[in-house]
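Please consult the sequence and the structure alongside the text.

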Amino acid sequence: MKALTWQGVNDLAIEDVDEPRLLNDQDAILRVRATATCGSDLHLIDGYIPGMRAGDVLGHEFLGEVVETGPGVERLSVGERVVVCSVVACGRCRFCREGLFSLCDNGNPHPAAAEAMWGYAPAGIFAYSHITGGYAGSHAEYVRVPFADQGCFPVPDGLDDDSAVYASDAVPTGWMGADNADIRAGDVVAVWGAGGVGQMAARAALLMGAERVVVIDRFAERLDQVESVIGAEPLDYTAVDVYEALLEMTAGRGPDRCIEAVGMEAHDHGAQYAYDRVKQALRLHTERGVSLRQAIRCCGKGGTVSVLGVFGGFLDKMPIGAAMNKGLTLRLGQQHGHRYIPMLLERMAAGDISTAHLTTHPLPLTDAVRGYEMFKDKEDGCVRAVFHP
Amino acid sequence: MPVNLAPAERSGDVSATSQWVALRHEAQQGRSMRRNGTAAVGVLGVAGTAAAVLRRRKADHGTNTTTRAITVGAPPDQVRAAWDARTGDPTGSAQVEFRPAVGGRATEIRVRLSDDQVDGTGGSRLRGETPDQRVREELRRFKSEVECGEVVTTEGQPTGRSSRQEAVTRAITDRMRAWGPA
């Protein structure tokens with residue numbers, strides 16, 4: 001079958017690989033119908049997440065049709081259209097039982113590197129380096145899903161593939177960011193990043209009762225979507241001073257809740273950004289944290305900073321003094337998608353959450369290399385490329 | 001490697017300090033020699049300390065134990081029964097202890113290994129098959145089997161690698177199952 005593989009830093013290829021087969025009793029095989037690019041893939045492609053091997057099949061946000069199930073699968077049937085959580089979790093360990101699915105004890109078959117780096121290993125993630133399990137991804141004609149009863153969710157009729165695919169990752173990640181931010185009625189919320197995850201976090205914040213939600217980015221087409229589809233306020237950080245703008249917007253209080261949806265390759269301008277770029281290029285630190293630092297600085301006293309952007313290693317110049325002295329709460333984590341996806345699919349089907357606009361570039365899988373170039377460089381207003389094998 | 005070396009460490013420190021003092025005394029014999037002598041003291045002091053560490057490792061080999069432990073989300077009687085039902089036990093002669101976890105929600109398993117078992121032979125270290133590594137992998141496998149009925153794998157999944165590249169990847173990921181603090 002055809003698959004998009006990682007060959008090295010900024011080197012992708014469409015290759016012929018073997019079709020997946022059932023490897024565990026609780027596996028299912030899906031024919032992939034839609035598989036999305038995600039901003040966190042860029043960290044792999046750019047070489048900032050360690051543990052990739054040449055030949056790894058990419059893709060972690062996907063939807064497909066069940067074509068085969070293992071003898072241990074009880075809830076799925078062949079022919080069913082399902083969206084799959086990007087996190088691989090067993091559903092039965094202590095963490096899964098507490099709803100903390102991305103911390104699953106049994107979903108990562110190769111946990112030792114994560115234990116060495118982070119102390120303990122979190123769950124597996126599809127196609128997100130061998131540190132999170134080394135699972136083959138969904139940018140292929142077929143994909144194997146471990147613990148399929150746990151990670152596959154039937155898609156409601158009426159929700160098309162290119163909309164429902166985001167229930168795999170962007171929608172639950174954004175929802176969890178808002179959930180972690182502990183949003184209360186009347187709050188002012190600032191979201192850094194107007195990509196798919198940032199937009200979904202902003203929509204979730206509004207649904208949770210935030211009075212004003214502002215989304216910060218530099219790309220006009222994304223900021224247009226923030227205003228026209230999400231119903232939040234756009235803020236172009238290349239045109240204004242973000243801190244001053246938020247200060248004015250809140251009459252000196254600062255936002256109550258801040259959501260960082262950018263991660264380790266944040267862009268900005270000025271000396272701090274140049275410093276980050278040089279240190280990251282020399283591998284003296286692994287993260288460009290300008291958005292996270294800005295979120296901590298801008299957050300109002302007693303507020304919450306919820307971090308959704310992916311960070312993998314070490315961040316320099318962490319403004320811990322601002323966080324401590326303002327009494328901030330920091331919440332972080334990969335998505336516990338299994339907890340949210342059924343509810344979110346209902347909301348998406350009911351029209352509470354719109355995602356179709358994110359798929360600016362539907363493409364055949366054979367154009368996936370070009371699709372990632374467009375996505376990375378934001379060519380032609382690309383917000384997300386979605387591949388159809 | 002968390003091996004208890006406390007008694008030997010004290011004697012090793014004394015040995016290294018004695019060398020340091022003796023050499024420092026020689027250096028004070030001539031003022032012109034002071035700077036060079038101090039540098040030599042530093043180098044030899046480090047060397048002396050290293051030698052002492054090596055000596056104490058050799059002296060203590062086989063007398064210390066290391067514990068590998070894991071928490072399994074099932075009651076102790078069930079965990080014990082499942083443990084006893086296994087075949088081909090890689091823990092060998094190691095001492096195994098079962099204890100209810102704090103809060104009574106799970107069972108802690110502790111396997112005590114001698115440092116011979118932790119270190120293994122040169123060949124077993126290269127292959128990633130020291131008794132310690134086999135015990136760690138067995139603990140992970142056991143926990144997963146008890147908690148969710150299987151041990152998830154990626155062996156045999158599609159990749160764009162040649163068989164030779166895949167063999168290298170497999171060698172790396174095999175070790176990524178066995179390393180770590182479990």
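## A covered helix in chain A

A residue is called buried if its relative accessible area is under 20%. The model discussed here is predicted. In chain A, helix α6 (residues 170–180) is mostly covered, with 10 of its 11 residues buried. The buried residues of α6(A) are A:A170, A:V171, A:P172, A:T173, A:G174, A:W175, A:M176, A:G177, A:A178 and A:N180. Just after α6(A), the residue A:D182 takes a positive phi of about 60°.

One of the buried residues of α6(A), A:A178, is also touched by A:A205. Residue A:A205 belongs to helix α7 (residues 196–207) of chain A. It counts as buried because its relative accessibility is 0%. Leaving aside residues up to four places away in sequence, A:A205 touches A:A178, A:I183, A:V189, A:A210 and A:V213. The C-alpha atoms of A:A205 and A:R257 are 9.5 Å apart in space, while the two residues are 52 residues apart in sequence.

## The interface between chains A and B

Contact between the two chains involves 32 residues of chain B and 41 residues of chain A. Together the chains bury about 2,800 Å², of which 54% is on carbon and sulfur atoms. Across this interface there are 17 residue pairs in polar contact, counting pairs with both residues at pLDDT 80 or more. On the side of chain B that touches chain A, the elements giving two or more residues are α6 (131–148) and α7 (163–178) of chain B. Helix α7(B) gives the most, with 9 residues. By class, the residues on this side of chain B divide into 9 nonpolar, 13 polar and 10 charged.

The count of salt bridges between chain B and chain A is 3. One of the salt bridges in the model joins the side chains of A:D56 and B:R161, at 2.7 Å from N to O.

Residue A:H130 is placed in the loop between β8 (124–125) and β9 (142–145) of chain A. With a relative accessibility of 4%, A:H130 counts as buried.

## Salt bridges within the chains

Over all chains, the structure holds 29 salt bridges. In chain B, the side chains of B:R86 and B:E138 meet in a salt bridge of 2.5 Å, N to O. This pair links distant parts of the chain, with B:R86 in the loop between α3 and β2 (95–100) of chain B and B:E138 in helix α6 of chain B, 52 residues apart. Both B:R86 and B:E138 are buried.

In chain A, A:D316 forms a salt bridge with A:K317, and their closest N and O atoms are 3.5 Å apart. Residue A:D316 is buried, with a relative accessible area of 17%. Elsewhere in the chain, a network of salt bridges links A:R31, A:R33, A:E65, A:R81 and A:D161.

## Aromatic pairs

Over all chains, the count of aromatic pairs comes to 6. The rings of A:Y372 and A:F375 have their centres 6.4 Å apart and their planes at 75°, so this pair is edge-to-face. The two residues are separated by about one helical turn because they are 3 residues apart in helix α14 (residues 368–377) of chain A. Residue A:Y372 is buried, with a relative accessible area of 3%, and A:F375 is buried at 4% relative accessibility.

In chain B, B:W83 and B:F142 also form an edge-to-face aromatic pair, at 5.0 Å centre to centre and with 80° between the planes. B:W83 lies in helix α3 (residues 76–84) of chain B and B:F142 in helix α6 of chain B, so the pair ties together parts that are 59 residues apart in sequence. B:W83 is buried at a relative accessible area of 6%, and B:F142 is buried at 3% relative accessibility. In chain A, A:F62, A:F126 and A:Y135 form one aromatic cluster.

Note on methods: Residues are numbered from 1 along each chain as its sequence is written. Chains are lettered from A and ligands numbered from 1 in the order in which they are written. This is a predicted model: local features need pLDDT of at least 70, side-chain atom pairs count only at pLDDT 80 or more; totals for chains, interfaces and linings use all residues. Side-chain values use heavy atoms; hydrogens and water are left out. Helices (H or I, at least four residues) and strands (E, at least two) are DSSP runs, numbered from the N terminus. Buried means under 20% relative accessible area, exposed over 50%, partly exposed in between (1.4 Å probe, protein chains only). Contact means heavy atoms within 4.5 Å. Buried area is the accessible area (1.4 Å probe) that two parts lose on being put together, summed over both. A salt bridge is a side-chain nitrogen of Lys or Arg within 4 Å of a carboxyl oxygen of Asp or Glu. A polar contact is a pair of N or O atoms within 3.5 Å; within protein, one must be able to donate a hydrogen and the other to accept it, and residues adjacent in sequence count only if both atoms are side-chain atoms. Ala, Val, Leu, Ile, Met, Phe, Trp, Tyr, Cys and Pro count as nonpolar, Asp, Glu, Lys and Arg as charged, and the others, Gly among them, as polar. Rings of Phe, Tyr and Trp (its six-membered ring) pair if their centres lie within 6.5 Å; planes under 30 degrees apart count as stacked, over 60 as edge-to-face and the rest as tilted.
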